[in-house]
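Here is a walk through the salt bridges of one protein model. Have the side chains on display as you read.

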Amino acid sequence: MVFSLALKMVKSREEAEEISQDTFIKAYKNLSKFKGESKFSTWLYKITYRTCLDSFKKNKEKYNTDTIDEITINRIKSTDSILEGIERKERAEVINKCLLSLPEEERSILWMFYFEELSLKEIVEVTDFSEANVKVKLHRARKSLLSIVEKNVEPELINHYGRK
């Protein structure tokens, strides 16, 4: 889960591996600070999230256009049929491209909520935002994603299937 979150945030396998390693080192060194007030996984997510943010600050120009690697594609492949699998892959690529257009904060909150299935409370603990702020950011991220999807998907459908 640490590597998965890091990968979704930084979009580079090598950087995600480094962040994962740094996260576990930080967690080990600060294990005595874990009070058990939240789930251990939430505490670990928080460390991962903060480590990713630190990485963004260090390497701002690096995080713009890389794509998320095949791990995501493998997770969403359909087992029903090859055709459905291809269609899902194409949709995932479109959604992935749209997600990459979002700012890191919006993308990571959407990722934690929908793909990692963290509760709002867990996202609050990870990000240190208030619950109301997380709800607002999640709402805005959804609206932004919808706008981006509408701009990107409709032209692709027209190009692929032709005008009616």
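At 33% relative accessibility, Asp-54 is partly exposed (buried is under 20% relative accessible area, exposed over 50%, partly exposed in between; 1.4 Å probe, protein chains only). The model is predicted, so local features need pLDDT of at least 70, side-chain atom pairs count only at pLDDT 80 or more, and totals for chains, interfaces and linings use all residues. Residues are numbered from 1 along each chain as its sequence is written, and side-chain values use heavy atoms, with hydrogens and water left out.

Asp-54 pairs with Lys-26 in a salt bridge, with 3.8 Å between the closest N and O atoms (a side-chain nitrogen of Lys or Arg within 4 Å of a carboxyl oxygen of Asp or Glu). This pair links distant parts of the chain: Lys-26 sits in helix H2, Asp-54 in helix H3 (residues 40-58), 28 residues apart. Helices are DSSP runs of H or I, at least four residues, numbered from the N terminus. Lys-26 is partly exposed too, at 32%.

Helix H2 (residues 13-29) also holds Arg-13 and Glu-17, 4 residues apart, about one turn of the helix. Their side chains meet in a salt bridge at 3.9 Å, N to O. Arg-13 is partly exposed at 37%. Glu-17 is partly exposed at 42%.

Now move to helix H8 (residues 131-161). Lys-135 and Glu-131 lie 4 residues apart there, so about one helical turn separates them. Their closest N and O atoms are 3.6 Å apart, in a salt bridge. Lys-135 has a relative accessible area of 43%, and Glu-131 has 41%.

Salt bridges also link Lys-46, Arg-50 and Asp-128 in a network. The whole structure has 7 salt bridges.

Notes
Helices (H or I, at least four residues) and strands (E, at least two) are DSSP runs, numbered from the N terminus.
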